[in-house]
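Visitor: I would like to learn how to read helix packing in a structure like this one. Could you take me through it step by step?

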Amino acid sequence: LKPQELMPQFDRMFLLHRQVVAWHRPYCVDLEESTFSHLRSFLERYCDGINSDVPPLPFPSSREHHNFLKLCLRLLSNHLALALAGGVATSILGRQARPLRNLLFRLMDASVPDEIQEAVIETLSVGATMLLPPLRERMELLHSLLPQGPDRWESLSKGQRMQLDIILTSLQDHTHVASLLGYSCPPDGPDVPSSGPTFAAYPDPSFGTTGAHPDTHLAEILMKTLLRNLGFYTDQALGELEKNSDKLQQRTSSSDSSQPAHLHQLLCSLQKQLLAYCHINAVTENSSSVALLHKHLQLLLPHATDIFSRSAALIKESSWNGSIREKLQDVIYVSAAGSMLCQIINSLLLLPVTVVRPLLSHLLDLLPPLDRLNRLLPAASPLEDQELQWPLHGQLTEN
């Protein structure tokens with residue numbers, strides 16, 4: 001064969017060896033780390049002075065400058081999407097993931113034209129799973145973003161809030177929740193939806209396990225931080241209701257919906273995974289998972305007790321105001337005393353008595369304020385009368 005006849009065969013072999021899936025797609029240069037490096041360089045270089053009256057060379061006008069940045073972002077978005085579709089998303093970014101992530105979130109907080117910000121949001125939405133750091137770094141980033149005091153969520157910038165929402169969303173996967181608790185190894189690739197909870201028998205060695213007990217230190221810190229932030233939101237919402245309890249019409253505070261949507265879900269997922277692990281593996285009171293459960297509930301149950309006490313006092317003081325009850329119901333439901341507490345109590349009934357006994361005092365403290373709250377609810381009296389009349393009007397069924 002002549003050299004010119006060998007070239008097409010060599011090209012086909014070269015393409016198969018490199019597993020390149022992008023050369024046959026429009027608007028895609030190549031799926032290599034160098035491609036993402038060049039796109040990042042263009043964006044970093046030409047995003048400086050984006051609002052300057054004099055555009056950087058070689059652009060004759062701001063319009064062409066902005067159009068170039070928008071096209072770079074679209075190219076980046078296309079390459080990220082093709083990497084995900086081609087199954088090469090786990091390693092294609094290489095060392096470019098962190099600088100690209102930092103660059104895009106900086107652009108979210110910068111004063112840029114709307115069309116560029118829309119392109120940034122689209123790029124982040126497409127490549128979120130590829131741009132996120134590994135699980136441990138993700139946890140560190142999450143702790144740095146979550147407010148550590150009773151600060152308003154509005155203090156977070158737009159980019160920080162979006163980054164926080166993306167991280168919280170990524171941690172919803174059951175395999176990641178199991179990894180956080182030390183029950184399985186964290187996945188290295190992008191988030192893959194799981195059909196159900198994962199209770200792996202092998203703890204993750206990278207999280208520093210000892211013997212058969214998984215290391216739950218990382219999960220303990222996370223659950224404490226999530227509960228604290230959930231408590232900030234609940235305290236703020238109850239404070240608004242207490243302050244306006246004498247007003248017939250409640251004004252909706254701008255902070256009412258400021259809590260990230262996935263904060264409550266992530267804490268519930270961690271609790272469910274922990275409780276299910278304790279039940280399925282028949283753990284003893286000496287287990288690290290039981291120790292984590294005790295530490296968490298010794299914080300959550302007193303907080304729920306306080307919520308019930310404040311709620312009962314609020315309803316008693318404003319029994320004439322129906323709007324207070326409606327808004328209070330919404331606040332309690334998403335708090336540590338709402339649906340979350342119901343799931344915990346029901347799950348505790350499945351665990352051995354020796355595991356639950358250390359929590360008994362906290363559970364008993366929960367009953368008096370809960371009883372006071374129940375007696376103040378509008379349906380309490382009819383239900384109580386109905387129960388008292390049951391021996392008179394009820395009929396026993398015979399077998």
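Guide: Let's begin with axes and angles: axes are lines fitted to C-alpha atoms, for helices over the stretch in contact, and angles run from 0 to 180 degrees between N-to-C directions. Helices (H or I, at least four residues) and strands (E, at least two) are DSSP runs, numbered from the N terminus. This is a predicted model, in which local features need pLDDT of at least 70, side-chain atom pairs count only at pLDDT 80 or more, and totals for chains, interfaces and linings use all residues. Residues are numbered from 1 along each chain as its sequence is written, and side-chain values use heavy atoms, with hydrogens and water left out.

Visitor: How many helices and strands are there in the chain?

Guide: The chain has 16 helices and 0 strands.

Visitor: At what angle do the axes of helix 6 and helix 7 cross?

Guide: Angles under 35 degrees count as roughly parallel, over 145 as roughly antiparallel, 65 to 115 as roughly perpendicular and the rest as oblique. Helix 6 (residues 135–145) and helix 7 (residues 158–170) cross at roughly 135 degrees, and their axes come within 10 Å. The two helices are therefore oblique to each other.

Visitor: Which residues make that contact?

Guide: Contact means heavy atoms within 4.5 Å. Helix 6 contributes Arg138, Leu141, Leu142 and Leu145, while helix 7 brings Gln160, Gln163, Leu164, Ile167, Leu168 and Ser170. For classes, Ala, Val, Leu, Ile, Met, Phe, Trp, Tyr, Cys and Pro count as nonpolar, Asp, Glu, Lys and Arg as charged, and the others, Gly among them, as polar. The residues where helix 6 meets helix 7 divide into 6 nonpolar, 3 polar and 1 charged.

Visitor: How do helix 6 and helix 9 pack?

Guide: Helix 9 (residues 217–243) packs with helix 6 at an angle of about 30 degrees, the axes being 11 Å apart. These two are therefore roughly parallel to each other. Arg136, Met139, Leu142 and His143 of helix 6 meet Leu218, Ile221, Leu222 and Thr225 of helix 9. That contact of helix 6 with helix 9 has 5 nonpolar, 2 polar and 1 charged residues.

Visitor: And what about helix 11 and helix 12?

Guide: Their axes come within 11 Å and cross at roughly 175 degrees, with helix 12 spanning residues 322–333. Helix 11 and helix 12 are therefore roughly antiparallel to each other. Here Ile307, Ser311, Leu314 and Ile315 in helix 11 meet Ile324, Arg325, Leu328 and Ile332 in helix 12.

Visitor: Is Ala304 buried or exposed?

Guide: Buried means under 20% relative accessible area, exposed over 50%, partly exposed in between (1.4 Å probe, protein chains only). Ala304, found in helix 11 (residues 288–317), has a relative accessible area of 0% and is buried. Not counting residues up to four places away in sequence, Ala304 touches Ala336, Ala337, Leu341 and Leu366.

Visitor: Where does Pro58 lie?

Guide: Pro58 is in the loop between helix 2 (33–47) and helix 3 (62–85). The peptide bond from Leu57 to Pro58 is cis, with omega near 10 degrees.
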